[in-house]
Amino acid sequence: MTALADLRFTDLTDRAHRTVLAIPLGATEQHGPHLPLHTDTTIAAELCRRLAAARPDVLAAPAVPYGASGEHADFPGTLSVGRAALELLLVELVRSADRFAGVVLVNGHGGNLQPLHAATRTLHAEGRNVLAWSPTGAPGDSHAGHTETSVMLRLRPDTVDMRHAEAGNTQPLDRLIDDLRDHGVAAVSPNGVLGDPSTADPTDGDRILDRWAELLIERTERHFGLNP
């Protein structure tokens with residue numbers, strides 16, 4: 001598997017038109033007192049890496065490490081470009097990739113969904129071949145809980161501090177979303193966690209990553225008409 005950033009433009013002259021570009025879309029934001037700020041970006045990048053490893057007709061691009069993370073602004077370290085800027089960035093980024101057969105945007109942060117979907121609507125209206133895909137989890141485990149902590153224990157255990165892995169608000173996200181949008185994550189979870197990371201396990205993280213990667217590969221093949 002080769003990453004886009006490792007290539008020279010001459011390596012792509014005869015290849016780009018038959019290659020799908022996978023762009024990881026992450027965030028730099030709080031993930032409770034136990035996970036690093038790069039969690040969403042690391043997970044999205046790993047899923048793109050696995051997609052490209054499984055498909056010789058897919059290249060993994062460098063990750064976009066900033067997203068729409070305003071709901072986490074009460075926690076230091078969170079950096080956000082906002083929804084409008086992210087939507088514009090994605091539209092222009094995909095437009096710039098017109099030499100490729102298509103683009104799959106692999107999103108690791110729920111707060112990016114609104115600008116991501118708005119951008120893809122614009123791009124589809126322009127006739128561009130773009131797919132937006134996000135991993136899913138349990139309704140009461142949406143941020144820095146069991147799922148993300150297990151995955152990070154598998155990918156970057158050196159960045160996880162399980163001594164501080166404590167449950168936050170474990171209610172389903174749909175019960176919290178209005179307060180979260182109006183007042184931010186801190187209003188519904190003082191430690192910034194939506195879920196319970198105390199049960200996290202790297203073996204489960206490996207299983208979760210395998211399932212996500214399988215779903216992403218299948219969806220990419222179906223959308224772009226790639227041979228399985």
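**Pockets and parallel strands in a predicted model**

The second largest pocket has a volume of about 200 Å³, where a pocket is, on a 1 Å grid over the protein atoms alone, an open set of points at which a 1.4 Å probe fits, with protein on both sides within 12 Å along at least five of seven lines, and lining residues have an atom within 4 Å of a point. Grid points are joined across faces, edges and corners, and a volume is the space filled by probe spheres set on the points. This is a predicted model, in which local features need pLDDT of at least 70 and side-chain atom pairs count only at pLDDT 80 or more, while totals for chains, interfaces and linings use all residues. Residues are numbered from 1 along each chain as its sequence is written, and side-chain values use heavy atoms, with hydrogens and water left out.

The lining of this second largest pocket includes Phe9, Leu12, Arg99 and Phe100. The largest pocket holds about 900 Å³ of space and is lined by 37 residues, of which His109, Gly110, Gly111, Leu113 and Leu173 lie nearest its centre. Helix 5 (173-183) is one of the helices that supply at least two residues of this lining, and with 4 residues helix 5 gives the largest share; helices (H or I, at least four residues) and strands (E, at least two) are DSSP runs, numbered from the N terminus.

Turning to the strands, 6 of the 6 residues of strand 1 (residues 20-25) are buried, so this strand is largely enclosed by the rest of the structure; buried means under 20% relative accessible area, with a 1.4 Å probe and protein chains only. Val20, Ala22 and Pro24 point one way from strand 1, whereas Leu21, Ile23 and Leu25 point the other way. Strand 1 pairs in the parallel sense with strand 2 (residues 58-60) over 3 bridges, pairing requiring at least two bridges found by DSSP, and Ala22 has Ala60 as its bridge partner in strand 2.

Helix 1 (residues 39-54) contains Glu46, which counts as buried because its relative accessibility is 12%. Leaving aside neighbours within four places in sequence, Glu46 is in contact (heavy atoms within 4.5 Å) with Leu155 and Leu209.

Technical notes
Buried < 20%, exposed > 50% of the residue type's maximum accessible area, 1.4 Å probe, protein only.
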